[in-house]
There are 2 protein chains.
Amino acid sequence: MNENNIIGATYATSEGKSFSAINPSTGLMLEGNFRVANTAQVEEALMLAESAFTAYKNVDKASKAKFLRTIAEEITALGETLVNRAVSESGLPVGRLQGEVGRTVGQLNLFAKLVEEGSWVNAIIDHALPERQPLPRPDIRRMLIPIGPVVVFGASNFPLAFSVAGGDTASALASGCPVIVKAHPAHLGTSALVAGAIVQAVAKCGMPKGVFSMLYDDGYTIGEQLVKHPFTQAVAFTGSFRGGMALMKMAQEREKPIPVFAEMGSINPIIFLPQAIATKAEELAHKYAASITLGAGQFCTNPGLLLAIESPELDKFKETLANAISAIPSATMLTSGIYQNYNTLSEEVSQVKGIKWLAQANAINGDLQNQSVAKVAVVSGADFLANPKLHEEIFGPYSLLVVAENSSQLQDIIQTIGGQLTVTVMSENQEIANYPALVSKLSEKTGRLILNGVPTGVEVCAAMQHGGPFPATSDSRFTSVGSTAIYRFVRPIAFQDWDDSLLPDELKQGNPLGIFRLIDQTYTKD
Amino acid sequence: MNENNIIGATYATSEGKSFSAINPSTGLMLEGNFRVANTAQVEEALMLAESAFTAYKNVDKASKAKFLRTIAEEITALGETLVNRAVSESGLPVGRLQGEVGRTVGQLNLFAKLVEEGSWVNAIIDHALPERQPLPRPDIRRMLIPIGPVVVFGASNFPLAFSVAGGDTASALASGCPVIVKAHPAHLGTSALVAGAIVQAVAKCGMPKGVFSMLYDDGYTIGEQLVKHPFTQAVAFTGSFRGGMALMKMAQEREKPIPVFAEMGSINPIIFLPQAIATKAEELAHKYAASITLGAGQFCTNPGLLLAIESPELDKFKETLANAISAIPSATMLTSGIYQNYNTLSEEVSQVKGIKWLAQANAINGDLQNQSVAKVAVVSGADFLANPKLHEEIFGPYSLLVVAENSSQLQDIIQTIGGQLTVTVMSENQEIANYPALVSKLSEKTGRLILNGVPTGVEVCAAMQHGGPFPATSDSRFTSVGSTAIYRFVRPIAFQDWDDSLLPDELKQGNPLGIFRLIDQTYTKD
């Protein structure tokens, strides 16, 4: 493991201040002295990225696909070394991290396939109409092109799938944009190992070196410089609301504003319709006790708000949920900061008028540090409506059950909640067909609407939308998961009256790439 | 012509301050006392829009298409009344405004056809894989949905095609979003007539009334209130850099930031390659003299920057251009403000070091007011590089010829220019094939790249991209002209594991709308 900053797929020489990763389970420092990057290195990384962009954007689709697949192979080749390091840096279990390696590799291969197939550029051709009156129509051909260097911030809660070679990097590289990663300080070694895999892939595939850089920092200076650099064209971030808003502000205050794709979290409401509670209170309680506490609740899709209408059967749900939550073992959180924040916020919320604890798990694993305890609170619909504080996310194994008096109050509650990554409805058979206004309103609040499932678990596919109205994300029109995540890093260009030989292959008359195109209003591969 | 504000397709009762339109050719006040809107009317318009949204977003595609076509028919029915009023308010010639009526009607019909066909929602279906290991895949279906009330600012330079029922309104209504128009104060009567056509169409088609409102203001208060209102979900604007930036700032400082699609102008560089100048200097000079002065130069795609390499043949081009420009008759500008601004800026630029006038037309039409005179200045490449002021747009019949020493300096110049709506290359035969780096760099600077044409004239079709990197527009990922303009007002939503009967028709298994969809990675109408 090389602990130096990576500037244009090349390791910088060791110099200056260094810092280390901490094992959150033990509180002890882990092996490796990672170098804090400096201003000159930011400058060099962006200079190299800008110059690599000219070459990389024109790399043919087969070579780009091979590059993405080679990154995937190099990551796979890291095997247990990578998983073990990620376990020690994140406190997450081995099985989860093995799964996350699979997901990361899967995402890279998904984008490789997308690029290789090629239709994602949305080519549109409107042929010339030289005879048209009163004026002839020119030949116009449009496609998507990459926008330039992208800065990716690694996320704490997915040290692989949303970090150095995660969905942001994979989609940016697939689009034809160079990437500069700001490594997350909570998983420095994991970042170094994955970045090493990308460095290998750059060399093996003969890619321009500036296509990838990664910088370490124990503070915010380097991140700020990266976002403000004039060569940076977009920023991808998954993390807190405060962090996302700070990046948006920086990006908007630049001389040339740039887009920030910040996924800032969500309370992911679950609406339990009455018959669902009436017929399977216990099953639902167990299902949600598991979803709320999965991975110590450290998912942006964690169900933080349970909405139901009061009824005798709801008491059964509450009792079962309380018992199930009480039995959940404590778990190490990702960092001591996240752990402390969880305790502070869940303590603060318990002071709000009308809030009662429905259940708190018993702390076990006493030898380990940063162990969070699952908690579920309960509050009346009226008190929830009166306290905006209760609408805020508490990152961790926490959820709030809101008991509405009736379906009208439930609608009022839904009206007040902010934008969400997900909203879930639990409904028995066709019960939901009686609530068309509810479903219509819910669709305005969220990026993903789930029926009878749990929001944790975000499928990586073309139809996925992982992004919702503000404040869930900075821009509800884009997703950070799934193949359409590539559309964050491109823009359209139209070529008017160009000779066929001078056009990009995607727009040539003969369709040499064999892609789907919209030609004179019809989709075709001709 | 009813001169009252329109709140939810209903005319408000006359009260409060009123103002009138001015004929820029005569400086005289035109018929009609238009009422300045007030805060309560803004509030009511947005309340009605928000409540109409719930119904309008679910209107079936045939009814929505009929609504758009009916607006087009009602506008057509206004006939000469509309054209004459637009002539008297804009100073533009009859033929131009007849053409603009045609374009406006054509745009409405284009969006009607798009909505009726229905594939624009980009439906994507990934079927469930219940047997998948280690976890089953849920059924996920995604489509685009409208975002809510849109505020449209009418533009001065296209009193029909970029105003009350222009491309912004047509695309927003097509997407399923209600529209609130802030009427442009320079064409109040034109706005009232067109808005009347929309009011008629709302009634004839039985649309929810809140789907359309229009407010008048002689200042900035109403516009600001509209942008800041919490129900407003997006803003569309075509106008000055200052105006666009002010709206962006307001929109970003809201509690919930919203997108602003501001098209803020451009200098639309024309690059004359050496052989083109060598072989057809005179033809090019005439072509560009016409393009620079078309419509008194009041196009966002007006060619404001001509770039060439010095050569003996370039002198021929200069001489012909100078003669052609000198012979261009003066023309009335849209408003006295625009006229004064043109004179001030073109006077200021003439003070910049190294700037010389190549040609100034002789003022004629002395009886008419606000008559602009075409002007072309010339400067060396070195002086252009040294003076950022020369890179700014001067709205009107003005262009600057920059004479580069050699092709290397030409590249330097291109490197320094900002984002553009259009860039044009004039090249003889395959000459441009010798400049691959130039073309690659140009593609990073613009939304539309034209070969051997003029940038004035923006075709309304699916492949058009009218939008370029900042500062040409606030968001290079979207267009304000052509059918893909609809994508400004929508966002994706994913439905996970919903019963077929509860899904929107676009996503139902049987494809009842018969649209193109991406199903399990394949485009199909099945």
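B:Pro471 sits in the loop between S20 and S21 of chain B. Helices and strands here are DSSP runs, numbered from the N terminus: helices are H or I with at least four residues, strands are E with at least two. A word on the basis. This is a predicted model, where local features need pLDDT of at least 70 and side-chain atom pairs count only at pLDDT 80 or more, while totals for chains, interfaces and linings use all residues. Residues are numbered from 1 along each chain as its sequence is written, chains are lettered from A and ligands numbered from 1 in the order in which they are written, and side-chain values use heavy atoms, with hydrogens and water left out.

Back to that proline. The peptide bond from B:Phe470 to B:Pro471 is cis, with omega near 10°. What about chain A? The bond from A:Phe470 to A:Pro471 is cis, with omega near 10°. A:Pro471 lies in the loop between strand S18 (446–451) and strand S19 (490–496) of chain A.

Stay in chain B. B:Thr479 is in the loop between strand S20 (446–451) and strand S21 (490–496). Is B:Thr479 buried or exposed? Buried, because its relative accessibility is 2%. The cut-offs: buried is under 20% relative accessible area, exposed is over 50%, partly exposed is in between, with a 1.4 Å probe and protein chains only.

What does the side chain of B:Thr479 reach? Another is the backbone oxygen of B:Val481, at 2.8 Å. By polar contact I mean a pair of N or O atoms within 3.5 Å; within protein, one must be able to donate a hydrogen and the other to accept it, and residues adjacent in sequence count only if both atoms are side-chain atoms.

Now the wider contacts, meaning heavy atoms within 4.5 Å. Set aside neighbours within four places in sequence. B:Thr479 then touches A:Arg142, B:Met464, B:Gln465, B:His466, B:Thr484, B:Ala485 and B:Arg488.

Next, cysteines. How many disulfides are there over all chains? Zero, taking a disulfide as a pair of cysteine sulfur atoms within 2.5 Å. A:Cys177 is in no disulfide; its nearest cysteine sulfur belongs to A:Cys205, 18 Å away. A:Cys177 counts as buried because its relative accessible area is 0%. B:Cys205 is in no disulfide either, and its nearest cysteine sulfur, that of B:Cys177, is 18 Å away. B:Cys205 has 16% relative accessibility, so it counts as buried.

A:Ala9 has phi near 55°, a positive value in a residue other than glycine. A:Ala9 lies in the segment before strand S1 (18–19). At 7% relative accessible area, A:Ala9 is buried. A:Asp520 is not a glycine, yet its phi is positive, about 45°. A:Asp520 is in the loop between strand S20 (517–519) and strand S21 (522–524) of chain A. A:Asp520 is partly exposed, at 32% relative accessibility.

One surface residue. A:Gln351 lies in the loop between helix H11 (336–349) and strand S13 (356–360) of chain A. A:Gln351 is exposed because its relative accessible area is 57%. Its side chain makes a polar contact of 3.0 Å with the side chain of A:Glu347.

Last, the record. UniProt, in an unreviewed entry, places "domain: Aldehyde dehydrogenase" at residues 13–456 of chain A. UniProt positions are in the numbering used here, feature names are shortened, and annotations may be inferred rather than shown by experiment. In the model, that span is 43% helix and 18% strand, and its end C-alpha atoms lie 42 Å apart.
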